[in-house]
Amino acid sequence: MVLNSWRDGLRRVFAAPAVIAGVFVVTLLAALPLALSLRAALQDHLGASLMAGDAADAVNYDWWQEFASQASGLGSTFTPSVIGFATTLDSISGLLDARALIGPIAAAIAVYVCAWIFLSGGILDRYARQRRIGAHGFFAASGTFFFRFLRLGIVAGAIYGFLFIYVHEWLFTKWYVNATRDLAVEHTAFYWRLLMYGIFGSLLAITTTVFDYAKVRAVVEDRHSMIGALVAASRFLVRNPGRVAALYAANAAAFLAVVAVWALVAPGAGRAGLSMWAGAIASQAYVAARLLVKLQFLASATALFQRSLAHAGYAAAPAVVRAEPPIVETLSGPAEAGRYR
């Protein structure tokens, strides 16, 4: 069932190309203000100097150090870690180390999360029904579940906050320090560090899985109570731990495969011209692949839940039927207008 659910989820993702394109555009729009702001900071610092040409043609380390020494805010993030695969490693490290975000990036992430909260209802509704629902049906489902998922997001935010503020500190500031205080072998301390990362990452994965299945149950069964959806999702995970874990492992393997390919093909700093555009295209292809994996997590979880309860394709909420334009009802009357649906 797990393999079939994974394949079914992949089929559902590719059967809805508009969803893929939509989330890709939303991701670009969320990052665009940050890119434009950083571009303006770089332009102000370089101006029309000779260094501008050198920086465009190749990496000018001396200028980079000069810029970094006086940069603040978003400009302080313009470090060598923004190049190629280093960006991925830096993002993973920042998550596991609970690194604080600067204001502009935190604001952009908050906007992006709100956009995903809004879109999630339509995405899951589309995947649950396994048929076209049109833009009207998609956004109607998104609007229907937005405030429900917003309430769920408040609960999720509280739990994630507890994990990052208290559990992370306990693992890395107390347990790790106490375990490695008297160690004389460096690689043993490294293994302890990996163990802390493993525990913290597992807690994040379990929490994310519970809330993902809560969203699935809320959409598929048209649940209004998000506490009820959380309880139902937890009950589903307790009754099907092997299936849920195996499906999560399959999706995690797909994510690691995408990251591995990116590690092999990620471009360096490059130069102005063809290599710059090739690097930009490769980077956007990686973003698209990451989004596909994220959608696959949602679609395969929906497929597994529907298959486990023997109602594949079932969604409790009625499909949204778009009303006729007012002009049609005005000219022909409500009864006649129904004939054109």
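Modeller: Rings of Phe, Tyr and Trp (its six-membered ring) are paired if their centres lie within 6.5 Å; planes under 30 degrees apart are stacked, over 60 edge-to-face, and the rest tilted. The model is predicted, so local features need pLDDT of at least 70 and side-chain atom pairs pLDDT 80 or more, while totals for chains, interfaces and linings use all residues. Residues are numbered from 1 along each chain as its sequence is written, and side-chain values use heavy atoms, without hydrogens or water.

By the ring rule there are 17 aromatic pairs. One of them joins Phe118 and Phe146, edge-to-face, at 5.9 Å centre to centre and 65° between the planes. Phe118 belongs to helix 6 and Phe146 to helix 7, so this pair ties together parts 28 residues apart in sequence. (Helices, H or I of at least four residues, and strands, E of at least two, are DSSP runs numbered from the N terminus.) Phe118 is partly exposed because its relative accessibility is 28%, whereas Phe146, at 19%, counts as buried; buried means under 20% relative accessible area, exposed over 50%, partly exposed in between (1.4 Å probe, protein chains only).

A second pair is Trp175 with Trp192: the ring centres are 6.3 Å apart and the planes at 65°, so it is edge-to-face. Trp175 lies in helix 7 and Trp192 in helix 8, so the parts tied together here are 17 residues apart in sequence. Trp175 is partly exposed at 32%, and Trp192 is partly exposed at 27%.

Phe118 and Phe146 also belong to a cluster: ring pairs link them with Phe138, Phe139 and Phe147.

Back along helix 6, a kink of about 35° is centred on Leu119 (the bend is the angle between axes fitted to the seven residues ending at a residue and the seven starting there). Gln130 follows helix 6 and sits in the loop between helix 6 and helix 7. Phi of Gln130 is positive, near 55°, in a residue other than glycine. With 28% relative accessibility, Gln130 is partly exposed.

In helix 7 there is also Arg148, which is buried at 9% relative accessibility. Asp222 is in the loop between helix 8 and helix 9, and although not a glycine, has a positive phi of about 55°.

Phe149 touches, among others, Ile117, Leu124, Ala218 and Met226, with residues up to four places away in sequence not counted. In the largest nonpolar core, of 42 residues, Phe149 is one of those that touch the most other members, along with Ile123, Tyr127, Tyr213 and Leu295. Helix 8 gives the most to this core, eight residues. A nonpolar core is a set of buried Ala, Val, Leu, Ile, Met, Phe, Trp, Tyr and Cys residues joined through side-chain atoms within 4.5 Å.

Note on methods. Contact = heavy atoms within 4.5 Å.
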